[in-house]
Amino acid sequence: MDTNPLALLKLSLLWILVDASVMNSLSANDSFSLEPTAPWRPCNESRLQWEVEVCGEDFKKEMDHIKLQYWCNLTHFISEYYRFTQCTEVKSKMVHCYWPNPLVESYIIRIHKHFFSNCTNRQVVYVDPPDKTLTVLILVPVFLTLAMIALVVWCSKRSDILA
């Protein structure tokens with residue numbers, strides 16, 4: 001049998017199997033509903049601003065219970081921060097806004113500036129490796145490249161013996 005028709009037969013069988021498995025995985029609950037969905041409502045940004053402020057005030061109260069020296073250590077306030085982000089997400093959806101959105105992001109940035117502005121890491125100073133290490137790191141790939149070129153040339157000259 002020719003390889004092209006055999007390949008087409010294999011692809012056809014594979015397509016049928018994939019299609020059958022996809023159709024079997026769909027249930028009656030996954031079918032499309034013809035019932036009307038809830039009407040689309042626009043994002044109420046003024047209410048969202050107020051709701052996010054409420055989340056921020058709760059976060060500020062929770063952060064007051066954490067010592068200032070621990071504000072840069074995420075393990076000390078991770079649960080408070082998680083509640084804050086969950087609150088902003090729930091409030092966004094409650095007023096029919098997507099999350100994250102520019103309004104919430106700007107508020108979160110203000111929170112970060114207020115609480116975490118002094119938490120920058122010290123800059124790491126990178127130092128060159130010692131000269132001996134640097135020499136080895138440069139010369140090993142150069143010699144490997146030359147060896148591979150020599151091997152290819154040698155094998156191409158001996159093609160009559162190797163064939």
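Residues are classed by relative accessible area as buried (under 20%), exposed (over 50%) or partly exposed (in between), with a 1.4 Å probe and protein chains only. The structure is a predicted model, in which local features need pLDDT of at least 70, side-chain atom pairs count only at pLDDT 80 or more, and totals for chains, interfaces and linings use all residues. Residues are numbered from 1 along each chain as its sequence is written, and side-chain values use heavy atoms, with hydrogens and water left out.

A search of the whole structure finds three disulfides, a disulfide being a pair of cysteine sulfur atoms within 2.5 Å. Counted along the chain, the bonded cysteines follow the pattern 1-5, 2-4, 3-6. Cysteine 43 is joined to cysteine 97 with an S to S distance of 1.7 Å; this link is right-handed, with 85° about the S-S bond. Cysteine 43 is partly exposed at 33%, whereas cysteine 97 is buried at 5%.

The sulfur atoms of cysteine 55 and cysteine 87 are 1.9 Å apart. The pair links helix α2 to helix α3, 32 residues apart; helices are DSSP runs (H or I, at least four residues) numbered from the N terminus.

The loop between α3 (74-94) and α4 (102-116) contains proline 100, whose peptide bond from tryptophan 99 is cis, with omega near -5°. Histidine 96 lies in the loop between α3 and α4 and has a positive phi of about 65° although it is not a glycine.

Note on methods: Helices (H or I, at least four residues) and strands (E, at least two) are DSSP runs, numbered from the N terminus.
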